[in-house]
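Q: I would like to learn how to read a protein model feature by feature. May we take the strands, a loop, a helix and the confidence values in turn?

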Amino acid sequence: MVSLHRTIRNMRRVGLREWWRQMQYIGDAKSGVLVGKDQFGNRYYENMNAEEEVPGRQRWVDFAQHEYHASQVPPEWHSWISHIRKDPPTNDSVIKNMTPPWQTPWVENLTGTRGAFKTYNTAAPKINAWEPKTISRGA
C-alpha cells in the first residue's frame, strides 16, 4: 500500500536519485535486495517484508532500457517474478543444470520494429495485377 511514510522511508533507503528514477519508471518507491541480473542488464529485486510490500508485489524488475516491455524479461526470470518458482535463476539448481546446449540465447520480441521477422515467398503469385497493354497509334 502506498503511503507517505512508506515513500519517505524508501526514499531514505535508496537515495534521492534512485527514488526519482523509480517514481518515473514504475510509479512507486521500492527498496529491496538485489537478487540477480540477466543478459540484458535488467536487475531483479525482492523485498519479503510483509509490512512494507503488498503480497504479490514483493518482486520487481528494474529494466536497463528506457523503452521497456515485458518481452525483455527472459523466461526463467519471468517464472520467478510471477511466483511460479521460489528461487531466482541465479540460485536455482534446476535451471542451471537443465539449460540444453542447443538452446539459442533469448531475444526480445521485435514485432513492429525494423528487426521483425519477415517471410520470403518463393512461390509465384496466384493472382497477378492487371497491366493494360498499350499499342501506339499508327500515323
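Q: How many bridges join strand S1 to strand S2, and do the strands run parallel or antiparallel?

A: The model is a predicted one. Strand S1 covers residues 33-37 and strand S2 covers residues 43-46; they run antiparallel and are joined by 4 bridges. Within this pairing, leucine 34 has tyrosine 45 of S2 as its bridge partner. As a general idea for reading such strands, side chains in a regular strand alternate between the two faces of the sheet.

Q: What do S1 and S2 form, and how many residues lie between them?

A: The two strands form a hairpin, with 5 residues between them. In the turn, glycine 41 has a positive phi of about 95 degrees.

Q: Where is phenylalanine 40 found, and what is it in contact with beyond its neighbours in sequence?

A: Phenylalanine 40 is found in the loop between S1 and S2. Its relative accessible area is 27%, so it counts as partly exposed, the range between under 20% for buried and over 50% for exposed. Leaving aside neighbours within four places in sequence, phenylalanine 40 is in contact with Ala64, Gln72, Pro74, Trp106, Val107 and Glu108. Phenylalanine 40 and valine 73 are 33 residues apart in sequence, while their C-alpha atoms are 8.3 Å apart in space.

Q: Which residues of helix H1 are buried, and why do they line one face of the helix?

A: The general idea is that an α-helix has 3.6 residues a turn, so residues three or four places apart point the same way. In helix H1, residues 4-14, the buried residues are Arg6, Thr7 and Asn10. Seen down the axis of H1, these buried residues fall within an arc of 100 degrees, and therefore they line one face. The face turned away from that buried side carries the exposed residues Leu4, His5 and Arg12. Helix H2 (16-25) is included in what covers the buried residues of H1. After H1 comes glycine 15, with a positive phi near 95 degrees.

Q: Which element has the lowest mean pLDDT, and which the highest?

A: In general, where pLDDT is low, the predicted coordinates should not be read in detail. Among the elements of this protein, helix H4 (residues 93-98) has the lowest mean pLDDT, 80, and S1 the highest, 93. For the protein, the mean pLDDT is 85, and 98% of its residues reach 70 or more.

Definitions and conventions. Residues are numbered from 1 along each chain as its sequence is written. Side-chain values use heavy atoms; hydrogens and water are left out. Two strands pair if DSSP finds at least two bridges between them. Buried means under 20% relative accessible area, exposed over 50%, partly exposed in between (1.4 Å probe, protein chains only). Contact means heavy atoms within 4.5 Å. pLDDT is the predictor's confidence in each residue, from 0 to 100. The arc is that of the directions from the helix axis to the C-beta atoms.
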